[in-house]
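Hi everyone, thanks for making time.

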Amino acid sequence: METVMLGNQGQLVLPKVIRDSYQWREGSKFFLWDMGGGIMIKPVSPFPASQLEPPDTLQPISPFPVSQLEPLDTPSVYQGTPLSIEDMEKAIDIEAGKHK
């Protein structure tokens, strides 16, 4: 477990070992959800929203009570429109370009 300190402008610096393991670089964007007893952080996805995860259109710090959020350990089945190989490759190229 790592400990971080909140800076004077509200910034948290994630430890290098965590940033490297997730390949997060300067400028990476994240969503934050208030979970009632803590904060959940999740990187913004380059893929369109699916029924497997909250859509990227949610505002940071969700206005929904924790009781309305799907538990993280609940299995779900994707029911959206399948993406073409070209769409998947395009998204991969976009994300890979951020890590050069």
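Y22, W24 and F30 come together as one aromatic cluster. This is a predicted model, so to speak of local features we need pLDDT of at least 70, and of side-chain atom pairs 80 or more, while totals for chains, interfaces and linings use all residues. Residues are numbered from 1 along each chain as its sequence is written, and side-chain values use heavy atoms, without hydrogens and water.

How many aromatic pairs does a search of the whole structure find? There are three, where a pair means Phe, Tyr or Trp rings (for Trp, the six-membered one) with centres within 6.5 Å; planes under 30 degrees apart are stacked, over 60 edge-to-face, and the rest tilted. Y22 and W24 are stacked, because their ring centres lie 4.7 Å apart with planes at 20°. Y22 is exposed at 55% relative accessible area, whereas W24 is buried at 16%. Here buried is under 20%, exposed over 50%, and partly exposed in between, using a 1.4 Å probe and protein chains only.

Next, F31 and W33: their centres are 5.8 Å apart and their planes at 50°, so this pair is tilted. Strands are DSSP E runs of at least two residues, numbered from the N terminus.

Finally, β1 runs antiparallel to β2, with five bridges joining them; strands pair if DSSP finds at least two bridges between them.

Definitions and conventions. Helices (H or I, at least four residues) and strands (E, at least two) are DSSP runs, numbered from the N terminus.
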